[in-house]
Amino acid sequence: PRMSLNPEQQRAVDHVDGPLLVLAGAGSGKTRVITHKIAALVRRQLVPAGCIAAVTFTNKAAREMRERVARLVDADTAAALRVSTFHRLGLDILRREYAHAGLRRNFTILDASDSRALLRDLLRQDNADTEEARGRISEWKNGLVPPDEALAQAEDGETATRARQYAAYQEALASYNAVDFDDLIALPVAVLRDVPEAQAAWQNRIRYLLDDEYQDTNGAQYELMRLLVGNRGSFTVVGDDDQSI
């Protein structure tokens with residue numbers, strides 16, 4: 001059954017001019033605001049269903065959100081919506097913009113164990129700790145710091161060595177026409193930032209963006225959102241500041 005919204009939730013659903021941040025505690029109906037807002041945007045013909053994207057953090061949460069929206073709209077509308085994780089959205093962008101990201105068409109995505117194995121091979125001569133290197137490289141990618149910048153910023157020998165390993169790792173990925181999980185956010189950000197026509201095309205494709213669990217967004221994910229919404233500011237984010245670290 002369709003549950004009615006309380007006045008605060010209704011205000012959040014009705015606010016469509018410009019950005020909106022909704023802070024609310026656990027179990028207070030944050031996701032309900034997002035699902036009802038998607039339905040309202042379509043019903044009031046403010047944004048076509050195919051131009052609405054909702055992102056969250058896990059496949060399970062994305063699946064649940066899609067199911068909840070599907071109960072509020074017709075089947076065609078539900079099918080047209082983009083409801084996914086951040087990484088899935090990044091992958092969709094890369095599949096179109098692969099050439100701008102220095103990739104060939106059918107690139108491979110390495111899972112954590114493949115990425116670990118590749119790094120282990122590269123680090124063999126350095127006798128370095130794979131997990132430690134992987135963690136540091138991941139930090140750089142999530143901070144949107146490319147290898148040359150990481151090397152330029154290195155203040156000690158150990159960090160410089162790590163930055164060189166990062167560069168070797170990225171070269172190896174490129175030679176395999178592969179990306180790792182962190183690249184699914186970092187590469188689309190680089191493309192949208194550096195290629196104005198790609199950014200314009202994606203801003204046209206995604207005209208309203210909604211983000212659940214906003215408190216978990218890292219720097220790279222935030223930047224991806226920022227580049228997608230541009231100056232238009234058509235987005236709603238909901239989060240629980242008590243759950244942020």
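**Close-up 1. Helix α5 in the predicted model.** Helix α5 covers residues 86-97, 12 residues in total. From first C-alpha to last, α5 reaches 16 Å. That is close to the 16 Å expected at 1.5 Å a residue. Its buried residues are Phe86, His87, Leu89, Gly90, Leu91, Ile93, Leu94 and Glu97. In an α-helix, with 3.6 residues a turn, residues three or four places apart point the same way.

**Close-up 2. The largest nonpolar core.** This core holds 27 residues. Ile38, Ile52, Leu81 and Leu210 touch the most other members. Six elements are listed as giving two or more residues to the core: helices α1 (7-14), α2 (30-43) and α3 (59-70), with strands β1 (20-23), β2 (52-56) and β6 (208-211). The largest share, 7 residues, comes from α2.

**Close-up 3. The crossing of helices α10 and α12.** Helix α10 spans residues 183-194, and helix α12 spans residues 219-229. Their axes come within 9 Å and cross at roughly 35°. The crossing is left-handed. On the α10 side, the contact is made by Ile185, Pro188, Val189, Leu192 and Arg193. On the α12 side, Ala220, Gln221, Glu223, Leu224, Leu227 and Leu228 take part. The residues of this contact divide into 8 nonpolar, 1 polar and 2 charged.

**Close-up 4. Gln45, a non-glycine residue with positive phi.** The phi of Gln45 is about 55°. Gln45 sits in the loop between α2 and β2. Its relative accessibility is 72%, so Gln45 counts as exposed, the cut-off being over 50%.

**Close-up 5. Asn177, a non-glycine residue with positive phi.** Phi of Asn177 is near 55°. Asn177 is found in the loop between α9 (157-175) and β5 (178-179). Its relative accessibility is 7%, so Asn177 counts as buried, the cut-off being under 20%.

How values were computed. Residues are numbered from 1 along each chain as its sequence is written. This is a predicted model: local features need pLDDT of at least 70, side-chain atom pairs count only at pLDDT 80 or more; totals for chains, interfaces and linings use all residues. Side-chain values use heavy atoms; hydrogens and water are left out. Axes are lines fitted to C-alpha atoms, for helices over the stretch in contact, and angles run from 0 to 180 degrees between N-to-C directions. Helices (H or I, at least four residues) and strands (E, at least two) are DSSP runs, numbered from the N terminus. A crossing is left-handed if the near helix is turned anticlockwise from the far one by less than a right angle, and right-handed if clockwise. Contact means heavy atoms within 4.5 Å. Ala, Val, Leu, Ile, Met, Phe, Trp, Tyr, Cys and Pro count as nonpolar, Asp, Glu, Lys and Arg as charged, and the others, Gly among them, as polar. The expected span of a helix is 1.5 Å times one less than its number of residues. Buried means under 20% relative accessible area, exposed over 50%, partly exposed in between (1.4 Å probe, protein chains only). A nonpolar core is a set of buried Ala, Val, Leu, Ile, Met, Phe, Trp, Tyr and Cys residues joined through side-chain atoms within 4.5 Å.
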